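Let's take a walk through a protein model together.

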Amino acid sequence: MKRIVVLVSGEGSNLQALIDACQQGRINATLCAVFSNKAAAYGLERARLADISAHALDVKAYQDRAAFDVALADAIEAYQPDLVVLAGYMRILTAEFVQRFAGRMINIHPSLLPKYPGLHTHRQAIENQDTEHGTSVHFVTEELDGGPVILQAKVPVFADDTEEDLIARVQTQEHSIYPLVVSWFVDGRLSLQNGQALLDNNPLSERGYAED
């Protein structure tokens with residue numbers, strides 16, 4: 001059975017969606033460990049409640065970002081993961097870290113990439129009076145939020161939306177599409193080849209699968 005390691009920094013709602021999908025048999029894999037850069041991250045408690053190994057690495061214990069990422073990568077490798085899943089992990093990864101897990105690391109980002117990489121995506125969508133917003137699952141590359149998109153989900157933006165309204169609407173979609181993409185990977189349907197995301201050996205478009 002394929003092995004998955006998840007990285008979190010906060011509440012871990014997407015982690016919970018993955019835990020539920022594994023327990024329900026929608027993902028045919030083992031969640032073997034969860035790592036965080038924050039000891040108080042509730043995602044670690046979600047892991048413990050599901051009997052998954054939970055680890056926090058203290059950033060302050062390392063000389064610099066590179067040293068922290070080497071230690072984190074070494075700790076992850078100890079679990080021999082087939083897939084590394086970023087689920088609200090809020091640190092920018094070094095190029096060396098990304099290279100170690102190239103082709104087997106995915107992220108979910110709360111925007112319709114390539115629109116709004118980085119932070120505060122929901123706020124930007126509201127301030128720019130967008131009529132739609134959404135979320136994207138993508139392979140992780142050295143470019144921040146710039147790896148090939150695998151799948152997106154769109155939601156409407158209403159005139160009276162608050163940032164919290166939009167976050168909740170997007171998260172509902174995240175909890176649906178992230179387990180689906182993970183299942184594609186562990187079932188051998190999804191891969192990254194020559195910088196291109198492929199599903200069932202078919203290249204995906206810039207916006208991922210079923211963009212319409």
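Which helix does A125 lie in? A125 sits in helix α5, which covers residues 121-127. Helices here are DSSP runs of H or I with at least four residues, strands are runs of E with at least two, and both are numbered from the N terminus.

Before going on, a word about what you're looking at. This is a predicted model, in which local features need pLDDT of at least 70 and side-chain atom pairs count only at pLDDT 80 or more, while totals for chains, interfaces and linings use all residues. Residues are numbered from 1 along each chain as its sequence is written, and side-chain values use heavy atoms, with hydrogens and water left out.

Back to A125. With a relative accessible area of 0%, A125 is buried. Buried means under 20% relative accessible area, exposed means over 50%, and partly exposed is in between (1.4 Å probe, protein chains only). Setting aside neighbours within four places in sequence, A125 is in contact with Y116, D130, H133 and L166; contact means heavy atoms within 4.5 Å. Now find V157: it is 32 residues from A125 in sequence, but the two are 8.0 Å apart in space, C-alpha to C-alpha.

Next, look for H109, in strand β5 (residues 105-109). The unreviewed UniProt entry annotates H109 as "active site". UniProt positions are given in the numbering used here, feature names are shortened, and annotations may be inferred rather than shown by experiment. H109 counts as buried because its relative accessibility is 4%. Not counting residues up to four places away in sequence, H109 touches Y116, P117, G118, T121, G134, T135, S136, H138 and D145.

β5 and β6 run antiparallel and are joined by 4 bridges; two strands pair if DSSP finds at least two bridges between them. Strands of a sheet pair through backbone hydrogen bonds, either parallel or antiparallel. Look for N107, which stands opposite H138 in β6. β6 also runs antiparallel to strand β7 (residues 149-156), with 7 bridges joining them, and there G134 stands opposite K154.

Now for helix α6, residues 163-186. Its 24 residues reach 34 Å from first C-alpha to last, close to the 34 Å expected at 1.5 Å a residue (the expected span is 1.5 Å times one less than the number of residues). α6 bends by about 25 degrees at E174, where the bend is the angle between axes fitted to the seven residues ending there and the seven starting there. The buried residues of α6 include L166, E174 and W184. After α6 comes G188, whose phi is positive, near 80 degrees.

Further along is an open sheet of 3 strands in the order β8-β9-β10, with antiparallel pairing. Its edge strands are β8 (190-193) and β10 (202-203), each pairing on one side only. β8 and β9 (residues 196-199) pair over 4 bridges, and L190 has L199 in β9 as its bridge partner.

Finally, how many disulfides does a search of the whole structure find? The search finds 0, a disulfide being a pair of cysteine sulfur atoms within 2.5 Å. The sulfur of C22 is 10 Å from the closest cysteine sulfur, in C32, so they are too far apart for a bond. C22 is buried at 18% relative accessibility, and C32 is buried at 10%.
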